[in-house]
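Here is a briefing on one protein model, grouped by topic. Please read it alongside the sequence and the 3D view.

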Amino acid sequence: MGVKFTLMGTTAGLGVPAFHCNCIACREARADPFWARTRSGAVVETGKENILIDASPDLSKQLLRERIQSVDYLFITHWHYDHFGGIGDLEYYVKLDRKRPVALFLPPSAVDAFAKAYPFLEEVFVIEPWEFGKSYAFEGVELTILPAKHSIETGGILLAGEKRAAYFTDTAGLPAPTARQIQGVDTLICDATFNGANWFPHSHMNWQEAIALGESVRAQHTVLTHLAMHYSTPITAAQLQEKLKDYAQVSLAYDGMVLTL
């Protein structure tokens, strides 16, 4: 079996359902928990090590759901709360079980912010600023950080094993050099935050823009993630899947979705 890549969370900052929301998407998720979405993040399982990509505020619940019992590395793509808010969930895992720090790769611009926000985690992590274009080799897979287009310094992840997958949860299109580097990927997992009007066109995409991006980089398969569902125009998963019937190579992400690299 190849390297396993699991989408642990597939929504934007509010989660679906949101506690305060009664839109059609939130009602659908309450009625059918399969369509409930936690905040975006993923895990790469090589068989020897587990590599987290982002630590959402829902991290502990995600790790339990996916039966992940160890974490060896954590890459934070960017310093927005919905992507780093679960960092503290690893504190007692390290102190009581692992007994040695986890390697934490941060955006260079977030190192000081991390130190100010989490001084009590100094012994829990070994901090290393990641670098755009740098590749990190693990058993059976290579992970490369590539620039995304977002409101702050943000990296996407290119995973190269027996297959290639590009993971860009927060991006408004891609910089030209990044688009060239991921040309022809087997799977593009990308930002499809909005249905309808894109409120933040310099930071995110709607699902039509995400599909167009997949076509432009000649991805064999495009997976829509970071789905807000309740903005700007609420839509259910059932309704969105109906719209995607016209796109044979496009899938709707869901929490727990697994790809093999």
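The lining of the second largest cavity has two nonpolar, five polar and one charged residues. In this count Ala, Val, Leu, Ile, Met, Phe, Trp, Tyr, Cys and Pro are nonpolar, Asp, Glu, Lys and Arg are charged, and the others, Gly among them, are polar. The model is predicted: local features need pLDDT of at least 70, side-chain atom pairs count only at pLDDT 80 or more, and totals for chains, interfaces and linings use all residues. Residues are numbered from 1 along each chain as its sequence is written, and side-chain values use heavy atoms, with hydrogens and water left out.

**Cavities**

- A cavity is a set of points, on a 1 Å grid over the protein atoms alone, where a 1.4 Å probe fits but cannot get out; lining residues have an atom within 4 Å of a point.
- Grid points are joined across faces, edges and corners, and a volume is the space filled by probe spheres set on the points.
- The count is two cavities of 30 Å³ or more.
- The second largest cavity holds about 30 Å³.
- Its lining residues are T77, A148, T154, G155, G156, F168, T169 and D170.
- The largest cavity has a volume of about 40 Å³.
- A192, T193, F194, N195, W207, L227, M229, I235 and L240 line the largest cavity.
- That lining has seven nonpolar, two polar and no charged residues.

**Cysteines**

- A disulfide is a covalent bond between the sulfur atoms of two cysteines.
- Here a disulfide is counted when two cysteine sulfur atoms lie within 2.5 Å.
- The structure holds zero disulfides.
- C23 is in no disulfide, and its nearest cysteine sulfur, that of C21, is 3.5 Å away.
- The sulfur of C26 is 3.7 Å from the closest cysteine sulfur, in C21, which is too far for a bond.
- C23 is buried, with a relative accessible area of 12%.
- Buried means under 20% relative accessible area, exposed over 50%, and partly exposed in between (1.4 Å probe, protein chains only).
- C26 is also buried, with a relative accessible area of 0%.

**Overall fold**

- The protein has eight helices and 14 strands.
- Helices (H or I, at least four residues) and strands (E, at least two) are DSSP runs, numbered from the N terminus.
- The radius of gyration is 17 Å; a compact globule of 261 residues would have one near 18 Å, so the two agree.
- That radius is taken over C-alpha atoms, and the globule rule is 2.2 Å times the number of residues to the power 0.38.
- The C-alpha trace spans about 50 × 40 × 35 Å along its principal axes.
- Of the 261 residues, 57% count as buried.
- Among contacts with a separation of 6 or more, 62% join residues 24 or more positions apart.
- Contact means heavy atoms within 4.5 Å.

**Backbone features**

- The peptide bond from V16 to P17 is cis, with omega near 0°.
- P17 is in the loop between β1 (4-9) and α1 (24-31).
- The peptide bond from Y231 to S232 is cis as well, with omega near 5°.
- S232 is in the loop between β12 (221-225) and α8 (237-243).
- H226 is found in the loop between β12 and α8.
- Phi of H226 is near 55°, a positive value in a residue other than glycine.
- H226 counts as buried, at 2% relative accessibility.
- R218 has a positive phi near 60° and is not glycine.
- R218 sits in the loop between α7 (207-216) and β12.

Key: 1 Å grid on protein atoms, 1.4 Å probe; cavity = no way out; pocket = protein on both sides within 12 Å on 5 of 7 lines; lining within 4 Å.
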